Amino acid sequence: MLHDPTRHEALRALTWDPARASAAIDWIVADTMLRFQPRHGWPAHPQDLNPSEDPAAPVTPLYFGATGVIWALRYLQDVGAVPAGPRWHDELEPLRQRNRHWLSEDGSAEEVAAYLMGDTPIRLMQWADGRDAGLADELAALIEGNQAHPSRELMWGAPGTLLAALFLHERDAQPRWAELFRRSAAQLWSEMRWSEEHGCHYWPQHLYGSDGAYLDAVHGFVATALPLIRGRHLLGEAAWQGWQDRIVQTVQRTATREGGGANWRVDLFDPPLGNGKVLMQYCHGSPGFVICLAGMPGTALDELLLEAGEAVWSAGPLAKGSNLCHGTAGNGYAFLKLYERTGDDRWLARARAFAMHAIAQAEEEASTLGRLRYSLWTGDPGLAIYLWDCLRGRAAFPTLDVFWGTAANEG
């Protein structure tokens with residue numbers, strides 16, 4: 001079986017309603033702004049805490065804390081989804097210091113460059129606000145210092161800072177960002193290994209104290225493919241052809257195909273990291289593969305991406321909630337990506353069906369808890385961005401496909 005039915009629920013028969021989607025965005029943004037606490041951020045959601053963590057302590061990273069919430073609110077303003085409002089510029093430096101403290105408490109004090117957990121996204125927002133040369137130098141040092149990180153994945157490792165270099169180059173086109181992108185890519189190329197068993201290349205990883213290899217869209221192979229595909233113009237034709245061949249080969253050789261659908265196992269390589277789980281969500285499984293690979297040029301992966309999309313649709317919405325990383329909105333982005341790639345309206349209709357289901361999930365959870373889940377990747381601000389993309393029929397996965405909003409790009 002390509003998915004675990006206990007992790008999914010039946011799609012609700014809700015007609016796509018643009019007015020309800022717009023109202024949900026306004027509700028999420030208004031409630032999120034109301035709950036902001038200066039020099040603290042937002043209250044943590046119980047599902048974003050480990051049992052040993054203090055629920056009153058600030059939650060800070062881009063992934064599931066105040067950095068991501070500020071990014072989401074600024075982005076929604078910049079693209080015109082909501083009216084202009086606070087920018088929280090003066091909050092960013094205290095937030096960075098709190099995030100350093102959180103990393104230290106978490107035992108990750110050396111991980112300051114981490115794209116989803118460290119300084120890098122905060123420094124990106126600070127730099128965009130003022131174009132300070134000192135911040136640019138610090139960002140360059142963060143990217144360079146993270147090139148040999150042993151996790152080789154998006155959250156902590158070089159693929160995340162590879163993406164940061166690409167966003168910086170897209171913003172101000174200095175040659176040093178292109179050079180950092182190429183050097184980070186070359187380091188990753190040199191670290192690939194060959195699997196005789198599977199007939200493809202992969203990255204060995206050291207992550208959370210364990211050695212193994214992931215394929216997925218947060219901690220694995222396709223998360224690294226995303227910035228390489230998007231930044232292929234910086235690599236040169238020969239280097240990109242090498243990358244393209246390896247990406248296609250690995251994705252094809254590791255797929256599990258069944259009944260017109262496709263998915264990828266968490267624990268494919270040895271030693272296994274996934275404990276036999278079969279997942280169908282952004283962070284592990286077909287949705288993340290489609291989202292990360294939809295920009296691949298050529299047709300070599302077309303059939304497989306369509307099969308992956310069918311598997312996401314067959315599985316139905318996720319029971320864990322409406323969020324991006326392991327929820328209904330994240331899976332819905334796979335449909336938006338396929339709509340952009342193919343022009344087939346059924347994918348947009350499916351994305352919007354998941355959007356209506358996700359709104360209902362968010363409303364029910366908020367009613368039970370008495371408030372929203374204030375997190376970009378695991379909560380409601382990420383859902384608001386997904387709803388905006390469903391309204392406009394576009395696929396711009398936050399902090400992966402976009403970092404700068406429209407207004408920011410005018411500077």
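Helices (H or I, at least four residues) and strands (E, at least two) are DSSP runs, numbered from the N terminus. The views below show a predicted model, in which local features need pLDDT of at least 70, side-chain atom pairs count only at pLDDT 80 or more, and totals for chains, interfaces and linings use all residues. Residues are numbered from 1 along each chain as its sequence is written, and side-chain values use heavy atoms, with hydrogens and water left out.

**View 1**
Helix α12 has 15 residues and spans 22 Å from its first C-alpha to its last. This is close to the expected 21 Å, where the expected span is 1.5 Å times one less than the number of residues. Eleven of the 15 residues are buried, so α12 is largely enclosed by the rest of the structure. Here buried means under 20% relative accessible area, exposed over 50%, and partly exposed in between (1.4 Å probe, protein chains only). Among the buried residues of α12 are Thr328, Tyr333, Phe335 and Leu338. The cover over the buried residues includes α10 (286-293), α11 (302-315), α13 (345-369) and α14, with contact meaning heavy atoms within 4.5 Å. Gly343 follows α12 and has a positive phi, near 75°.

**View 2. The salt bridge between Glu340 and Arg394.**
A salt bridge is a side-chain nitrogen of Lys or Arg within 4 Å of a carboxyl oxygen of Asp or Glu. Glu340 forms one with Arg394, and their closest N and O atoms are 3.4 Å apart. Glu340 lies in helix α12 (residues 328-342) and Arg394 in the loop between α14 (380-392) and α15 (406-409), so the pair ties together parts that are 54 residues apart in sequence. Glu340 is partly exposed, with a relative accessible area of 40%. Arg394 is also partly exposed, at 43%.

**View 3. The salt bridge between Arg96 and Asp119.**
The side chains of Arg96 and Asp119 meet in a salt bridge of 3.0 Å, N to O. Arg96 lies in helix α3 (residues 89-105) and Asp119 in the loop between α3 and α4 (120-130), so the pair ties together parts that are 23 residues apart in sequence. Both Arg96 and Asp119 are buried. A network of salt bridges links Glu93, Arg96, Arg100, Asp119, Arg123 and Glu138. The whole structure holds 27 salt bridges.

**View 4. The largest pocket.**
On a 1 Å grid over the protein atoms alone, a cavity is a set of points where a 1.4 Å probe fits but cannot get out, and a pocket is an open set with protein on both sides within 12 Å along at least five of seven lines; lining residues have an atom within 4 Å of a point. Grid points are joined across faces, edges and corners, and a volume is the space filled by probe spheres set on the points. The largest pocket has a volume of about 880 Å³. Of its 32 lining residues, Tyr63, Met155, Tyr208, His219 and His326 lie nearest its centre. The lining divides into 15 nonpolar, ten polar and seven charged residues. Ala, Val, Leu, Ile, Met, Phe, Trp, Tyr, Cys and Pro count as nonpolar, Asp, Glu, Lys and Arg as charged, and the others, Gly among them, as polar.

**View 5. The largest cavity.**
The structure has four cavities of 30 Å³ or more. The largest cavity holds about 60 Å³ of space. Its lining includes Trp42, His45, Phe64 and Arg373.
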